[in-house]
Amino acid sequence: LLRCAAQAASVECGRPVSIDSARRLYPYDDDDAGSVKYFLNAQLTPRERDTLVESCFAEVFHGREASMREELYMSPGLIRALDGSIGSHTHAHLALGLIDEEAAKREIELSLSHLTGWLVSRPFAVSSPYGSREICTPGGGEMTRAAGVDYAFTMERAANRTFASPHHLARIDCNDAPGGKNCPFGPEDLFDALPQPSWFPT
């Protein structure tokens with residue numbers, strides 16, 4: 001249902017999806033799934049996306065929002081039990097590099113504020129939503145630094161050898177790690193086999 005609704009909305013609003021862009025952001029999805037995700041997350045405003053998704057959710061899962069929320073999301077108590085191991089993924093999962101600076105700052109600070117209220121240890125890392133090269137801007141990294149965060153991660157698939165760009169760190173996708181869909185090597189070869197980061201200085 002969501003796929004059909006997204007495809008219809010793409011045609012209606014005149015925002016065709018670039019398959020190449022969708023493949024870069026979602027390399028392990030098929031073209032249909034990747035295109036829907038890209039349209040929802042990179043081409044719609046948050047309000048447009050929420051309106052579309054909420055209408056599909058209400059049709060398929062009518063009356064089950066509360067029970068599904070408890071089933072799918074961690075409670076403050078569960079988060080507190082992982083104190084010291086919890087990082088931030090921002091508040092509403094918006095693409096920081098595609099919204100205005102004040103909205104991006106609110107996204108970072110709201111998440112840190114909630115988590116700090118539930119935890120003993122303040123989160124020291126942020127993982128950028130979507131994390132593509134165009135979304136992870138130099139300004140976004142500076143905002144995480146200014147918020148007092150020690151490290152921030154992009155979605156660049158590479159192995160960090162240094163901390164020269166601590167607010168634009170690459171990460172290892174679980175599909176690229178030993179045991180994942182796209183990993184031809186063992187744990188002992190992980191850092192030798194993966195490329196060095198290239199998006200920001202290393």
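Which elements each supply at least two residues of the lining of the largest cavity? They are helix H8 (138-146) and strand E2 (151-157). The model is predicted.

**Overall fold**

- The protein has 9 helices and 3 strands.
- Read from the N terminus, the elements run α-α-α-α-α-α-α-β-α-β-β-α.
- The radius of gyration is 18 Å. For 202 residues, a compact globule would come near 17 Å, so the value agrees with that expectation.
- The C-alpha trace spans about 45 × 40 × 35 Å along its principal axes.
- Of the 202 residues, 36% are buried.
- Take the contacts between residues at least 6 apart in sequence: 58% of them join residues at least 24 apart.

**The largest pocket**

- A probe the size of a water molecule, rolled over the atoms, shows where empty space is left.
- The largest pocket holds about 1,400 Å³ of space.
- Helix H3 (31-43), helix H4 (46-60), helix H5 (65-72) and H7 are the elements that give two or more residues to its lining.
- H4 gives the largest share of that lining, with 6 residues.
- In total, 33 residues line the largest pocket. Nearest its centre lie Arg 69, Tyr 73, His 91, Ala 92 and His 93.
- By type, the lining of the largest pocket has 16 nonpolar, 10 polar and 7 charged residues.

**The cavities**

- There are 3 cavities of 30 Å³ or more.
- The lining of the largest cavity counts 6 nonpolar residues, 9 polar and no charged.
- The second largest cavity has a volume of about 70 Å³.
- Lining this second largest cavity are 13 residues, and Asn 160, Ser 165, His 168, Pro 201 and Thr 202 are the closest to its centre.
- The second largest cavity has a lining of 7 nonpolar, 5 polar and 1 charged residues.

- Ser 88 sits in the loop between helix H6 (76-81) and helix H7 (101-118).
- Is Ser 88 buried or exposed? Its relative accessible area is 3%, under the 20% cut-off, so Ser 88 is buried.
- Ser 111 belongs to helix H7.
- Ser 111 also counts as buried, because its relative accessibility is 6% and the limit is 20%.
- The side chains of Ser 88 and Ser 111 are joined by a polar contact of 2.7 Å.
- Beyond its neighbours within four places in sequence, Ser 88 is in contact with Ser 111, Leu 112, Leu 115, Pro 123, Ala 125, Val 126 and Ser 127.
- Ser 111, with residues up to four places away in sequence set aside, touches Ser 88, His 89, Thr 90 and His 91.
- One of these partners, His 91, is also among the residues nearest the centre of the largest pocket.

**Two residues with positive phi**

- His 93 has a phi near 55°, a positive value in a residue other than glycine.
- Like Ser 88, His 93 lies in the loop between H6 and H7.
- His 93 is partly exposed, because its relative accessible area of 28% falls between the 20% and 50% cut-offs.
- His 93 is also one of the residues nearest the centre of the largest pocket.
- Tyr 130 is not a glycine either, yet its phi is positive, at about 70°.
- The loop between strand E1 (125-127) and H8 holds Tyr 130.
- Is Tyr 130 buried or exposed? At 11% relative accessibility, Tyr 130 is under 20% and therefore counts as buried.

Key: Residues are numbered from 1 along each chain as its sequence is written. This is a predicted model: local features need pLDDT of at least 70, side-chain atom pairs count only at pLDDT 80 or more; totals for chains, interfaces and linings use all residues. Side-chain values use heavy atoms; hydrogens and water are left out. Helices (H or I, at least four residues) and strands (E, at least two) are DSSP runs, numbered from the N terminus. Buried means under 20% relative accessible area, exposed over 50%, partly exposed in between (1.4 Å probe, protein chains only). A polar contact is a pair of N or O atoms within 3.5 Å; within protein, one must be able to donate a hydrogen and the other to accept it, and residues adjacent in sequence count only if both atoms are side-chain atoms. Contact means heavy atoms within 4.5 Å. On a 1 Å grid over the protein atoms alone, a cavity is a set of points where a 1.4 Å probe fits but cannot get out, and a pocket is an open set with protein on both sides within 12 Å along at least five of seven lines; lining residues have an atom within 4 Å of a point. Grid points are joined across faces, edges and corners, and a volume is the space filled by probe spheres set on the points. Ala, Val, Leu, Ile, Met, Phe, Trp, Tyr, Cys and Pro count as nonpolar, Asp, Glu, Lys and Arg as charged, and the others, Gly among them, as polar. The radius of gyration is taken over C-alpha atoms; the globule rule is 2.2 Å times the number of residues to the power 0.38.
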